[in-house]
Amino acid sequence: NPDDIEVSIVAELNLMAACKAKLSVAYEEALGFARAAHSLIDTKWWHKDFDFTKDLYTHLGKLEQINANFDLAEKYFDECLKHLTKKEDILEIYIHKVKLYTTSSQHQKAIKTGLKGLKMLGVTLSENPATASLAFHILQVKTKLGFRKPADLFNLPEMKNEKALWSMRLMISLATTVYQTNQNLGFILVLKMVLLSLKYGNSKDASFSYMAYALALCAALNSYKQGYEFGQLALKLNEKYQNVTLKPIIYELFGSIISHWTKP
């Protein structure tokens, strides 16, 4: 049908314009283009052109969030979840929803969504972990670390395990909300991330887990020297991977909470 082809072309051009405007930090204009694309299609498009519709709804969710329209963002993400079947696609939306709920201060929803995603990956965690669970995870890290120094971990192999990579991403997305509202769970997530790196190798997200562990060593366990060494490892590793998204937070943590115990 020629009409369908024309509609498809115009909708795709609008989505392309939305993506370009978003890259230029013109978020209001980007949302306008994405909404224009959305006005041209209906629910049948999930069957007509699944990939385009998934991309459009995902972008709409992210742009509504950036523009502080949190209810609409949630609506678009939920619409995606009704149609997605691939585990990776579902996990991607869960990560977006965790960020949405964190931004809108809906911390319980953020935690529930993140833990639901982790359960899909075989990682089952309690919302309110007991102190015994915390002690067990600390012991696990110390055992896995053995006699190795933090600097030795720089040369761990590259993390290839897909479940481990997704788990790292989900745990990092939860970091802000658990730090603010549920520090026991936050501590366990950090220990889990370190354990994943020790088991499967380093990834572009590993610098965050090592820096967060350094924070825990200094602030909770009074292990200032080891904390400083893990912090140095995190900085060095992030230089290797050039993860610009993590750079501000790991430098901020190192400067404000970790380094002064050892290098005032």
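Q: Where is Gln-242 placed, and what is its phi?
A: Gln-242 lies in the loop between helix H12 (224-241) and helix H13 (247-258), helices being DSSP runs of H or I with at least four residues, numbered from the N terminus. Its phi is near 50 degrees, a positive value in a residue other than glycine. This is a predicted model, in which local features need pLDDT of at least 70 and side-chain atom pairs count only at pLDDT 80 or more, while totals for chains, interfaces and linings use all residues. Residues are numbered from 1 along each chain as its sequence is written, and side-chain values use heavy atoms, with hydrogens and water left out.

Q: Is Ser-105 buried or exposed?
A: The terms rest on relative accessible area, with buried under 20%, exposed over 50% and partly exposed in between (1.4 Å probe, protein chains only). Ser-105 is exposed, at 53%; the residue sits in the loop between H6 and H7 and, although not a glycine, has a positive phi of about 60 degrees.

Q: How many residues does helix H9 have, and how far does it reach?
A: The expected span of a helix is 1.5 Å times one less than its number of residues. Helix H9 (residues 162-181) has 20 residues and reaches 29 Å from first to last C-alpha, close to the expected 28 Å.

Q: Where is the kink in H9 centred?
A: The bend at a residue is the angle between axes fitted to the seven residues ending there and the seven starting there. In H9 the kink is about 45 degrees, centred on Ala-175, and Ala-175 is also among the buried residues of this helix.

Key: Helices (H or I, at least four residues) and strands (E, at least two) are DSSP runs, numbered from the N terminus.
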